[in-house]
Amino acid sequence: MPTAPSPPDALAPDLGRLADILGGLPIGIAALDRDHRIVFMNKALEELTGFTSRESAGIPCQHVLRCGLHLLGARQGGAAGSGTEPVKGRETDIIDRHRRKLPVRVTRIEVPGEGGAATLYLEAYEDLSPLRDMERRLKDAAGAGELISRGEAMERVKKVLPAIAQSDSPVLITGETGTGKDLSAQAIHKASPRARGPFVRVNLGPMPEHLLEIELYGRVAEEGEAVPGCFQRANGGTLYLSELADLPAAHQAGLVRVLDDQSIIPAGSDKGVRVNVRLIAATHKDPEELVRAGTLREDLFHRLGAVRVHLPPLRERGEDVEFLLTHFLALFASRFKKDIKGFSPRAMRILHSHPFPGNVRELKNIVEYAAMICQKDMILPAHLPGHILAALKSGESPAAGRAGETRGRKRS
Amino acid sequence: MNMRTKKILIPLFRDEVAPRFDLAGEVLIVTVAEDGAVEGRQGLVLPHASADDLCDLVLSRDIDTVICGGIEEEYYHYLRWKRVDVLDAVAGTAEAALTRFLAGRLKSGDMLFAGGGDHA
């Protein structure tokens, strides 16, 4: 077995110092000799690759670093790892000892010796996994899998969600029922730095006063056991109030205080408890109208409304109607194991002329119903829910192509 | 008595075990008799580097053992699930790896180059 060549002796003291200097860097560094064998690897690179510097010494770099760059360079005719052009910030990947493929960014520096020829190469490996994870999180939150759309109206909303997610400001989401307020709140949470924390949704429907206080702020242990409120359950994460208009006026002042002080006072206690929560609130009503009517405190509205997201109703989303119909049909046909190819032209005309007061939720329910009862390979008008056909008969729905007559609906 | 032959596939990078299963451009297939004698060798150049295609090749050629360098977890487990032995993280020339394998001493993680640490 051939013995491994060692780096020039004259460099030995420098290498020792180099190892000390580079050892503590947070970026992976490998020193390679003229033949691209490992001389040493710093701790960061040991952690990245799973190989120790000691066991790697003298081994051709491609067998330890397993970097696409080295293999490509060799194919171009040079020594393994050489390449024919400088390497600066080149994105590639490695496979580590634990069989994981990791994205990395590589930079190579030649260290010339006497005469100018390279006697040493230094390669820096930057682990891009955290960056790729964040990109994936942002992409998921941008709605690829949740908020379905193609049209401009909704795409505009989806574009701003990741940016909103990065701050900790309270958010107010408005939109008619069934437009995706809940999904938007979840998307914001998933894209935020709080994604690993809890996402707590609170429905503040009608409930007795004392129960509402416990639900919001919790209760200290007295006769009963201690009960954490929604703020405590959401600590470190996101609290989502799904209908702000349901919050009684008496508790709105309390919410203002929580937003200002970042602390709550559980029922039965007089001591504040600090909470670290990002608040998202939603309402299907017009918040300005609620303030005018006196049912929403203005100071609460201003604190929540610093960041507003408005979800357009389906009738303003143009081409999304057909896209959503097709999307949900594929989903439910698969779920019910049916081979349904699409909607008949007449069924599609009927659906296009329906105003969908319940927005996307209603559309989804209609498609689910149709897919459930359809026994053919195409959704026909007879498969649509009765109330749509009834509206068609009574002339409430402007079906059969009466162009221009809408209830405020635009078509693309 | 049936002498069952075994087939070994080694992805290659020049004369070495390819450091990356998914980037190998050629393979060596060796047929070995039960007594350890090499019965045949075949080198194949692959149309392109692909872990999926290489797995298909392993299965279509009824390979018993793959000797390779770095391989991603999903392909490692896939081949194992298909009852193919995989000796991965092997670093060295293909000949050195084959010799050690035929001697019954090759295991995953063996580094067959002389170097600083204790490798194999």
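User: What makes strand S8 (residues 238–241) of chain A a partner of S11(A)?

Analyst: The cut-off is again at least two bridges. S8(A) and S11(A) have four, and the sense is parallel. A:Thr238 stands opposite A:Arg278 in S11(A).

User: What is the order of the strands in the open sheet of chain A?

Analyst: The five strands run S7-S8-S11-S6-S12, with parallel pairing. The edge strands are S7 (199–202) and S12 (307–310), and each pairs on one side only. The twist averages 20° from one strand to the next.

User: Why are the buried residues of helix H8 (residues 209–217) of chain A said to be on the same side of H8(A)?

Analyst: The buried residues in question are A:Glu213, A:Ile214, A:Leu216 and A:Tyr217. They cover an arc of only 165° around the axis, so they are on the same side of H8(A). The buried residues of H8(A) pack against helix H9 (230–233), helix H10 (249–261) and strand S9 (263–264) of chain A. Just after H8(A), A:Gly218 takes a positive phi of about 80°.

User: Why is A:Lys337 called exposed?

Analyst: A:Lys337 has 6, so A:Lys337 is exposed. Its place is in the loop between helix H13 (320–335) and strand S13 (342–343) of chain A. A:Lys337 has a positive phi of about 55° although it is not a glycine. Most residues other than glycine have a negative phi.

User: What makes B:Arg83 exposed?

Analyst: The limit is 12 or fewer other C-beta atoms within 10 Å. B:Arg83 has 8, so B:Arg83 is exposed. B:Arg83 is in the loop between helix H2 (73–81) and strand S6 (85–87) of chain B. B:Arg83 is not a glycine, yet has a positive phi of about 65°.

User: How many residues does the largest nonpolar core have, and which have the most contacts inside it?

Analyst: The largest nonpolar core has 67 residues. B:Ile10, B:Ile67 and B:Ala97 have the most contacts inside it. Beyond four places in sequence, B:Ile67 is in contact with residues including B:Ile8, B:Ile10, B:Val17 and B:Phe101. A second, separate core of 38 residues includes A:Ile188, A:Val202, A:Leu239 and A:Leu255.

User: How many helices and strands are there in chain B?

Analyst: Chain B has three helices and six strands. From the N terminus on, they run β-β-β-β-α-β-α-β-α. Of its 120 residues, 42% are buried.

User: How many helices and strands has chain A?

Analyst: Chain A has 16 helices and 14 strands. Buried residues make up 35% of its 412 residues.

User: Where in chain A does pLDDT stay under 50?

Analyst: Residues 1–6 stay under 50. Residues 75–80 also stay under 50. Where pLDDT is low, the predicted coordinates should not be read in detail. Chain A as a whole averages a pLDDT of 83, and 85% of the residues score at least 70.

Definitions and conventions
Residues are numbered from 1 along each chain as its sequence is written. Chains are lettered from A and ligands numbered from 1 in the order in which they are written. This is a predicted model: local features need pLDDT of at least 70, side-chain atom pairs count only at pLDDT 80 or more; totals for chains, interfaces and linings use all residues. Helices (H or I, at least four residues) and strands (E, at least two) are DSSP runs, numbered from the N terminus. A residue is buried if 20 or more other C-beta atoms lie within 10 Å of its own, exposed if 12 or fewer, and partly exposed in between; C-beta atoms are placed from the backbone. Axes are lines fitted to C-alpha atoms, for helices over the stretch in contact, and angles run from 0 to 180 degrees between N-to-C directions. The arc is that of the directions from the helix axis to the C-beta atoms. Two residues are in contact if their C-beta atoms, placed from the backbone, lie within 7 Å. pLDDT is the predictor's confidence in each residue, from 0 to 100. A nonpolar core is a set of buried Ala, Val, Leu, Ile, Met, Phe, Trp, Tyr and Cys residues joined through C-beta atoms within 7 Å.
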